[in-house]
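Visitor: I have a structure open and would like to go through it piece by piece. Can you help me with that?

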Amino acid sequence: MRSEPILQVKNVRKAFGGVQALVDVSFSVCEGEVFGVIGPNGSGKTTLINCITGFIKMDSGMVLYRGKDVTRKPPHKIANLGITRTFQIMRPYYSLPAYKNLIVPLFSPRARRTGGWRGGGKLGDRDTVGIDILEEIGFERDSFVPYKLASSLPTGYLKRLELARCLALRPEIIICDEVFSGLSMSEIASMVPLIEKLQMEGLTLIMIEHRLRELFRVAQRLMVLNFGEKIAEGVPEEVMEDENVKQAYLGSEKSVEYA
Amino acid sequence: MKMEMGERRKERLDRGIKVRTEGIYAISSWEEMNYLLVPRLALILGMFALPLVMPAYWQRVISYVCIYALLTLGFDFLAHFVGLVSLGGALFVGVGGYLAAILNTSFGLPVVLTIPIATIAGAIICTLLLLPALRLRGVYFAIVTLMYPLVLLRIIEALNILGGTEGILGVASFPNKWVEQYLIIGIVIFSLFGLRRLVNQDIGLVFRGVKDNDQAVRASGLSITIYKSIAVFIASGLGCLGGAYLAHVYMWAGISQFALDFSILPIAATVIGGGGTLVGPVLGCFMLVPISELLRSVGTLRIAFYAIILTVFIVFRSEGIMVYAQRKYHQFERWVKV
């Protein structure tokens, strides 16, 4: 039903010394899809993101974005192509107010080129555009929150700020590294519609998650990693019935409780 | 805070004008205008008054202070707004000084041309030299920048090029001391306010982003190498300008322009003046350079005095004079019952 895959990852391999972090991982993501990546701690999820976005160099393998090879490009070039990522450990600019944090991505070649309402240009200066994006992502414009220093914001807002930084680039793919982790239940509850909204706007999302319940609400397909190897892929319900997955997650034969 | 004062604490309230956001002031009365204008005017007029009020011997020191102020501005900008701790002051001064001297003596260019050319070309050379080190952070970058002036000094000495240990003699001087002093004072004030403005522009925010979190800047689609080299270009340009000026003031360029003083004094001045304020480090130079001039008779023991001053400041007032002064100026303090 869906057209061409927007992102194809082929046989990615990465070793840190003697540790095989990723062993021939391949998958592809279709346009407009929410693709989940799960796996126990240390299974190589974040390494996979780092390889795709160029933050670390993969040993072998290939990443195709709309059929174009982006394998060995540096991170800023990949971001400028429209593949953005959030960091699991949030990386805001602590000494700047929240809305000024967005000046940096808005200053990038991509944001300046694409213009439009998110990229500045006719719609006022970058400050205004930054506040617009923050409002979209759940910072109340008329409150003090967007104007506070990032160092004084709580985790929930910092996670949103990470997403806002991606949105400022007008991306086509956002790779979310555990956006739900460390949040309270109510914060997560307000985050889920946000993710759904991004998908409705046509973005493709790859989500690394440990919170399976929320992930299953938003994700269409799922991939499971264990010790750097892909052990299952498919729709969530099927994947969680897979013997290998149960083994990896629980180490037993019992059925996994989710949802 | 003594205990017998009971349950009291110090409360700080912003003094202030009615609307104060970053860089935008709503001014509605003379009091508010004065609140903003007086400190700035005091600095500018004070600097312009210096050549008029200083006794003869100290006239020459004004130029030295201003040259160090340029270096220190560059250091503070790199260290507190880009996150690169540079000990390359001596490199910048040396490159700028030698370039100006060569342009003047070998090519016969006048002072109006040598200084701008030495500034731009020197900044390009320094940036290219430091380009391989831009991936490094913190103390590693500092070590590389410290190494360059030492290496260049020894190369000039060993190969006996560029005048060897003699240096390049016969560099033209300024027409008179008024031109010499007022030109550099103007340059310092322009650079100071220019940099203060730059760090709050959008590109300045990118620099500060590089300092806070360079990985996030890369994830935002910006090449940190490019922005770091722009910043190094600005800082080394200031340093080379100072070096070129120094060559014309001395009428000589020599290996002492690669001396470590040019790398060390900016750090001391920044610590004393208050890092990250830009104006503080300039004031720090106005204190340290005259002291160092007074101690000229004791020779290299000067370094010991810097060390003592630095230690005292780091232990007792590590924020620096300007941060302290700004806090006192912008905020009320009062005791309140808890």
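**Two helices in chain B**

Guide: Start with helix H2 (residues 56-82) of chain B and helix H9 (residues 224-250) of chain B, which pack at an angle of about 170° with their axes 9 Å apart. Keep in mind that this is a predicted model.

Visitor: What does that angle make H2(B) relative to H9(B), roughly parallel or roughly antiparallel?

Guide: Roughly antiparallel, because the angle between H2(B) and H9(B) is about 170° and angles over 145 degrees count that way.

Visitor: Which residues make the contact?

Guide: On H2(B), the residues include Ser63(B), Ile67(B), Leu70(B), Gly74(B) and Phe77(B). On H9(B), among them are Lys228(B), Ala231(B), Leu238(B), Gly242(B) and Tyr245(B).

Visitor: How do the residues of that contact divide by class?

Guide: The contact of H2(B) with H9(B) has 15 nonpolar residues, 4 polar and 1 charged.

Visitor: Staying in chain B, how far does helix H12 reach?

Guide: H12(B) covers residues 302-316, and its 15 residues reach 21 Å from the first C-alpha to the last. That is close to the 21 Å expected at 1.5 Å a residue.

Visitor: And how many of its 15 residues are buried?

Guide: The count is 1, so H12(B) is hardly covered.

Visitor: On to chain A. What is the order of strands in the sheet with 6 strands?

Guide: The order is S6-S7-S8-S3-S9-S10, in an open sheet with mixed pairing. Its edge strands are strand S6 (83-85) and strand S10 (229-234) of chain A, and each pairs on one side only. Neighbouring strands are turned by 15° against each other on average, direction ignored.

Visitor: In what sense do S3 and S9 pair, parallel or antiparallel?

Guide: Strand S3 (residues 34-38) of chain A and strand S9 (residues 221-226) of chain A pair in the parallel sense, over 4 bridges. Ile38(A) has Val224(A) in S9(A) as its bridge partner.

Visitor: What about the sheet with 4 strands?

Guide: That one is also described as open, with the order S2-S1-S4-S5 in chain A and antiparallel pairing. S2 and strand S5 (68-69) of chain A are the edge strands. S1(A) pairs with strand S4 (residues 60-65) of chain A over 5 bridges, and Arg13(A) stands opposite Ser60(A) in S4(A).

Visitor: Why does Asn11(A) count as partly exposed?

Guide: Because Asn11(A) has 13 C-beta neighbours inside 10 Å, while buried needs 20 or more and exposed needs 12 or fewer. Asp24(A) is partly exposed as well, with 14 other C-beta atoms within 10 Å.

Methods
Residues numbered from 1 in each chain as written. Chains lettered and ligands numbered in written order. Predicted model: local features only at pLDDT ≥ 70, side-chain atom pairs only at ≥ 80, totals over all residues. Axes fitted to C-alpha atoms, helices over the stretch in contact; angles between N-to-C directions. Parallel < 35°, antiparallel > 145°, perpendicular 65-115°, else oblique. Contact = placed C-beta atoms within 7 Å. Nonpolar A, V, L, I, M, F, W, Y, C, P; charged D, E, K, R; others polar. Expected span 1.5 Å × (residues − 1). Pairing = 2+ DSSP bridges.
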